Amino acid sequence: MSWNQHLSAGLRQGVPNAGHPAVELQQVTRMYGSKNTGVAALDNVSLSCPAGTWTAIMGPSGSGKSTLLHCAAGLDQVTSGRVVLSGRDITMAPDSVLTELRRRTIGFVFQSFNLISSLTAEQNVAFPSKLAGVRVSKSDVRQTLASVGLADRASHRPRELSGGQQQRVAIARAMISRPAVLFADEPTGALDSHSAKIVLELLRTMVQTVGQSIVMVTHDPAVAASADTVIFLADGQIVDRVHMPTIHDVAERLARLES
Ligand SMILES: Nc1ncnc2c1ncn2[C@@H]1O[C@H](COP(=O)(O)OP(=O)(O)OP(=O)(O)O)[C@@H](O)[C@H]1O
């Protein structure tokens, strides 16, 4: 079975897409520091990422990319404005709601994989669900690993896997709860170009085959060009965007912002 067929079989029904945008930021400002001397890491940002699409966030260092990702995922509180995640206003949500949201509505993939070295691939995939008291069956874990092309690596530990395979385990771990939105922070930042290509192809397949929504921060124009839309930040504001980007489009816009 191909990845596409595995994804269709394993994940299709799960990814919720009830007609809401995946993420909406409405006039979001995030200040750090005191009122008079503070920095606006995000300055009146409005953004809507349609469900079933892949959005990349780019911009020079310090432009607000991580802050945007953290505010959109409910990991950071906005100073003003609204954040709506998969149709749900999370702006003032209490910790209990945000914790629940992290378990069921969103998934995270980081540059550094964050796998537990003593656990096998399948134990890593199941671990967060177990921790949250959510039952996942062995066949669900196996099917999710199969959907990222790792059916035959279920009992391998991270050190027995390549970087790209470890990142695919991390993606399977994020996907097992069928998150409405997958947030990715430099998902290929630690990978060689061949492994990066495989991970980007997997993310593209997830968007196309199961309608997964992805919001991703990256510094790399070649990675951003895999997305449907690239949003460019500078000094906490959205200053440009490009749909169906080419690497050249993205690199050129970024160079302009960084000059
Ligand atoms: N916890 C914090 N306290 C104070 N200032 C902060 C904090 N977090 C971020 N900032 C400031 O907010 C601005 C945006 O930071 P952010 O980390 O979002 O940028 P970034 O685009 O992700 O940068 P990079 O590409 O270097 O990771 C920067 O000026 C940064 O110094």
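In which kind of crossing, left-handed or right-handed, does H6 pass H7? The model behind the answer is a predicted one, in which local features need pLDDT of at least 70 and side-chain atom pairs count only at pLDDT 80 or more, while totals for chains, interfaces and linings use all residues. Residues are numbered from 1 along each chain as its sequence is written.

The protein chain holds nine helices and 10 strands (DSSP runs numbered from the N terminus, helices being H or I of at least four residues and strands E of at least two). Its C-alpha trace spans about 55 × 40 × 35 Å along the principal axes.

Turning to the helix pair, H6 (residues 163–175) and H7 (residues 193–210) pack at an angle of about 20°, with their axes 8 Å apart (axes are lines fitted to C-alpha atoms over the stretch in contact, and angles run from 0 to 180 degrees between N-to-C directions). H6 is therefore roughly parallel to H7, a term for angles under 35 degrees. The crossing of H6 with H7 is right-handed, meaning that the near helix is turned clockwise from the far one by less than a right angle. In H6, Gly163, Gly164, Gln167, Arg168 and Ile171 meet Ser195, Ile198, Val199 and Leu202 of H7 (C-beta atoms, placed from the backbone, within 7 Å).

Around the ligand lie residues including Tyr32, Val39, Gly64 and Lys65 (C-beta atom, placed from the backbone, within 6 Å). Strand S2 (39–49) and helix H2 (65–72) each give two or more residues to this shell, and H2 gives the most, with three.

Notes. Parallel < 35°, antiparallel > 145°, perpendicular 65-115°, else oblique. Contact = placed C-beta atoms within 7 Å.
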